[in-house]
Amino acid sequence: MESLLVLAPVAVPAVAACLYAVLGWNRVTAWLGTLSAAVLLACAVTLSTAGTREALGGLLFSDALSAFMLIVIGVVALLAMAASPAHLPAELAAGHTGPRAMRRYGVLTQAFIAAMALAVLASGLGLLWVAIEATTIVTAFLVGHRRTRAATEAAWKYVVICSVGIALALLGIVMVHYAGTHAGVTSLDWAPLAEGASRLDPGVMRVAVMLLVLGFGTKAGLAPMHAWLPDAHSQAPAPVSALMSGVLLSVAFYAVLRVKVIADVALGAGFVRTLLVIVALASLTVAALLLLGQRDYKRLLAYSSIEHMGLLALGAAIGTSLALVAVLLHILGHGLGKSVLFLSAGRLHQTYGSSLIGAVRGLAGKAPLLAGTFALGLLALLGMPPFSLFASELGLARAGFAAGLGWPVAAALVLMLVIVAAVTRHTRHMLLGDGPAVGSGDGPDSGPAPSAPADGPGPAAGGAVTLPRGLAVPLVARLAACAVLGVTLGPLHSLLQAAAVIAGATP
C-alpha cells in the first residue's frame with residue numbers, strides 16, 4: 001500500500017493520458033484531468049504525513065521536500081485542469097483548435113503532470129534528469145498547440161534553448177558520476193551521494209555543479225538562459241501557461257536545491273552561494289529592465305516569473321532555515337498567484353483577441369469579477385500583504401540580512417521596487433483607465449490594432465467580458481488560500497520546516 005501511494009502521483013495522470021488517447025476530449029472526459037489532479041493532490045497530502053517512503057525498488061521515493069513539491073504540483077494542476085473544460089470550447093468556437101488537437105491536449109497535459117511528479121519523486125540525479133527532459137518534449141507540443149507562426153516559433157525556441165540547458169546538465173551528471181567512481185560512490189541516488197560527498201574531487205565537482213546549476217537553471221527560467229520563457233508562456237494555452245509558470249519552473253528549481261545539498265558538502269557553502277547570488281541578481285535585473293518597456297500582458301506575467309525564480313535563487317544562496325522555509329512558501333504562493341493570473345489573462349485574450357496591454361481598458365467597469373481576480377493576483381505577485389508572497393519575501397529579506405548578505409538583499413529590494421513600479425504602470429489603465437485604444441497612435445501602449453476577438457464580439461462591439469462560474473470559483477478559492485497562507489501556515493508549518501532541513505538548511 002505504501003509503495004502504491006508513492007507510485008500513484010505518476011501512475012494516475014499517466015493512466016488519464018492513456019484514456020484521453022483512446023476516448024478523446026468530450027463532455028465526459030473533459031473533467032478526467034481535474035479528477036486526476038485531485039487524486040494526485042490527495043496522495044501528496046497523505047505522503048506529507050507519512051515520512052520517507054519508496055516504490056519500484058527504490059527508483060521512486062518520497063520525503064518531506066518531495067511531498068511538498070507534489071502538493072504544489074497538485075494544487076496548480078487542479079486549477080489548470082478545472083479551467084480547461086471552459087477554455088478549450090472557447091478555442092474550438094474561435095477556430096483555434098479542433099477535436100484532434102483537443103485529444104492531443106488531454107494526453108499531453110496529463111503526461112506533463114506525470115513527468116513533473118516523476119521528477120520530484122525520483123530517488124537520484126539520473127532519473128530526475130530523464131523526467132525534466134520528458135517535460136521539455138511534452139510541453140513543446142503544448143506551446144505550439146494553436147499552430148500559428150508565433151506559437152511554432154516559440155515552441156522551437158523553447159526546444160532549442162532548453163535542450164542546450166538539459167545537455168549541460170547531463171554533462172554535469174557525467175562529471176558527478178566520474179567524481180563518484182573515483183571516490184567509491186557508484187550511485188547517483190541522493191542518499192549515497194550525500195554520504196560520499198566529502199570524498200568527491202573538488203576540482204571536478206566545481207565544474208559539475210556549475211553545469212548542473214546552469215542546466216537546470218535554464219529550465220527554471222534563470223538568467224542568462226531565460227530567453228525561451230516569455231515566448232513559450234505567452235503562446236501556450238492559458239492552463240498550460242499556468243502549469244509551466246506556476247509549477248514547472250519550481251520543479252526545475254527543486255533540482256537545483258537537491259544539487260546544492262551535495263555541493264555544499266563537497267565544496268563548502270561559499271561556492272554555490274556565490275554562484276546563486278550572481279544568477280539571482282542577474283535574473284532580477286533582466287526582469288526589471290524588460291518589464292519597463294513591456295506592452296504585452298501575457299509576456300509581462302512571464303517576465304515576472306524570471307523575477308520570482310531569481311528570488312528563489314537568492315533564498316537558496318542564503319541557505320538558513322528561515323530562508324529555505326521562505327523559499328518553499330514562495331514556491332507555493334507563486335504557483336497559486338501565477339496560475340490565477342495566467343488563467344485570467346487567458347480569458348482576457350479570448351475576449352479581446354489581443355494580448356497587448358493597450359487593447360484592454362477600464363476592465364473594472366466592464367467585468368468586475370474578472371478585474372478583481374486579475375488585480376488581486378497582481379497584488380499577490382507583487383508581494384503585497386496579506387498574501388503569502390509578502391510573508392515569504394519578508395522572510396527572505398530578514399534571513400539575508402541576518403546571514404551577512406545585506407548587499408545582495410538590498411540590491412534585490414531595489415530591483416523589486418522597479419518591477420512593482422513597472423507592473424503597476426502597465427496594468428493600472430487595463431483595470432481602471434479609459435484611455436486610447438491600441439492603434440490610435442496615442443499613449444504609451446499604442447501599436448497595431450488587435451485582431452478579432454477569439455470567442456465572440458469584444459466589448460467595443462457590444463459583447464460582454466465575462467468570467468465563467470466554473471472558472472471563477474477556483475480562481476477566488478486560490479486567491480483566498482494565498483491570503484490565508486500570508487497570515488498563518490497552519491499544518492504546513494511542520495512540513496516546511498522538515499523540507500527545509502532536507503534542502504540543507506543551516507542554523
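The largest cavity is lined by Ala83, Ala86, His87, Ala238, Leu343, Gly346, Arg347, Gln350, Pro468 and Leu471. The model is predicted: local features need pLDDT of at least 70, side-chain atom pairs count only at pLDDT 80 or more, and totals for chains, interfaces and linings use all residues. Residues are numbered from 1 along each chain as its sequence is written, and side-chain values use heavy atoms, with hydrogens and water left out.

A cavity is a set of points on a 1 Å grid, over the protein atoms alone, where a 1.4 Å probe fits but cannot get out; lining residues have an atom within 4 Å of a point. The search of the whole structure returned 4 cavities of 30 Å³ or more. The largest holds about 90 Å³, volume being the space filled by probe spheres set on the points. Helices are DSSP runs (H or I, at least four residues), and strands are E runs of at least two, numbered from the N terminus. H3 and helix H13 (321-352) each supply at least two lining residues of the largest cavity. H13 gives the most, with 4 residues. The lining comprises 6 nonpolar, 3 polar and 1 charged residues. Here Ala, Val, Leu, Ile, Met, Phe, Trp, Tyr, Cys and Pro count as nonpolar, Asp, Glu, Lys and Arg as charged, and the others, Gly among them, as polar.

Salt bridges were assigned where a side-chain nitrogen of Lys or Arg lies within 4 Å of a carboxyl oxygen of Asp or Glu. The count is 6. One of them joins Arg258 and Asp63, at 3.1 Å from N to O. Arg258 lies in helix H10 (residues 238-267) and Asp63 in the loop between strand E2 (60-62) and helix H3 (64-93), so the pair ties together parts 195 residues apart in sequence. Buried means under 20% relative accessible area, exposed over 50%, and partly exposed in between (1.4 Å probe, protein chains only). Arg258 is buried at 7%. Asp63 is also buried, at 7%.

Asp231 pairs with Lys157, with closest N and O atoms 3.0 Å apart. Asp231 sits in helix H9 (residues 228-235) and Lys157 in helix H6 (residues 149-181), so this bridge links parts 74 residues apart in sequence. Asp231 is buried at 18%, whereas Lys157 is partly exposed at 33%. A network of salt bridges links Lys157, Asp231 and Arg299.

Within H10, Asp264 and Lys260 are 4 residues apart, about one helical turn. Their salt bridge spans 2.7 Å between the closest N and O atoms. Lys260 is buried at 5%.

Technical notes:
1 Å grid on protein atoms, 1.4 Å probe; cavity = no way out; pocket = protein on both sides within 12 Å on 5 of 7 lines; lining within 4 Å.
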